[in-house]
Amino acid sequence: MTRKVKSVRVPRELESLNLSALIRECEAYLRDIESATLLKAQGNKEAAEALLRTRHHDLGRKVGKMVWTARVEFHKRQEAEAGVP
């Protein structure tokens, strides 16, 4: 699987978002879904559900932090261009 992002449209606020890191996080999440499927198939349903809940929360936190960081950088650049101290 190639990791290079060729083209995507994003709002100007998110232009500094690291899309490669975002894709890597999604890939890791998909691997954990596969692991949870195997756990469930082996009869360990509770462990599979716990893994998915934990990983889902972790993915949301990481993606949220990436978006927040990109927005902060955008507003800092805007203030610097406008000459606001």
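1. Leaving out residues up to four places away in sequence, arginine 71 touches Glu13 and Leu14, where touching, or contact, means heavy atoms within 4.5 Å. Arginine 71 lies in helix H2, helices being DSSP runs (H or I) of at least four residues and strands (E) runs of at least two, numbered from the N terminus. Because its relative accessibility is 38%, arginine 71 counts as partly exposed; buried means under 20% relative accessible area, exposed over 50%, and partly exposed in between, with a 1.4 Å probe and protein chains only. Arginine 71 and tyrosine 29 are 42 residues apart in sequence, and their C-alpha atoms are 24 Å apart in space.

2. The model is predicted, so to speak of a local feature requires pLDDT of at least 70 and side-chain atom pairs count only at pLDDT 80 or more, while totals for chains, interfaces and linings use all residues. Residues are numbered from 1 along each chain as its sequence is written, and side-chain values use heavy atoms, with hydrogens and water left out.

3. As to the overall form, the protein has two helices and zero strands. Its radius of gyration is 18 Å, whereas a compact globule of 85 residues would have one near 12 Å; the radius is taken over C-alpha atoms, and the globule rule is 2.2 Å times the number of residues to the power 0.38. Along the principal axes, the C-alpha atoms fill a box of roughly 60 × 30 × 15 Å, and 19% of the 85 residues count as buried.

4. Helix H1 has 23 residues and reaches 33 Å from its first C-alpha to its last, close to the 33 Å expected at 1.5 Å a residue, the expected span being 1.5 Å times one less than the number of residues. Just after H2, glycine 83 takes a positive phi of about 80°.

5. The axes of H1 and H2 come within 8 Å and cross at roughly 175°, with axes fitted to C-alpha atoms over the stretch in contact and angles running from 0 to 180 degrees between N-to-C directions. The two helices, H1 and H2, are therefore roughly antiparallel to each other, a term for angles over 145 degrees, as against under 35 for roughly parallel, 65 to 115 for roughly perpendicular, and oblique for the rest. Among the residues making the contact are Ala21, Leu22 and Glu25 of H1 and Arg55, Leu59 and Met66 of H2.

6. The buried residues of H1 are Ala21, Glu25, Glu27, Ala28, Tyr29, Asp32 and Ala36, and what covers them includes H2. In H2, the buried residues include Ala48, Arg55, Asp58 and Phe74, and the buried residues of H2 pack against H1.

7. Glutamate 25 deserves a separate look. This residue lies in helix H1 (residues 19-41) and counts as buried because its relative accessibility is 17%. Apart from neighbours within four places in sequence, glutamate 25 is in contact with Arg55, Leu59, Lys62 and Met66.

8. Asparagine 18 lies in the segment before H1 and is partly exposed, with a relative accessible area of 43%. Asparagine 18 and alanine 41 are 23 residues apart in sequence and 35 Å apart in space, C-alpha to C-alpha.
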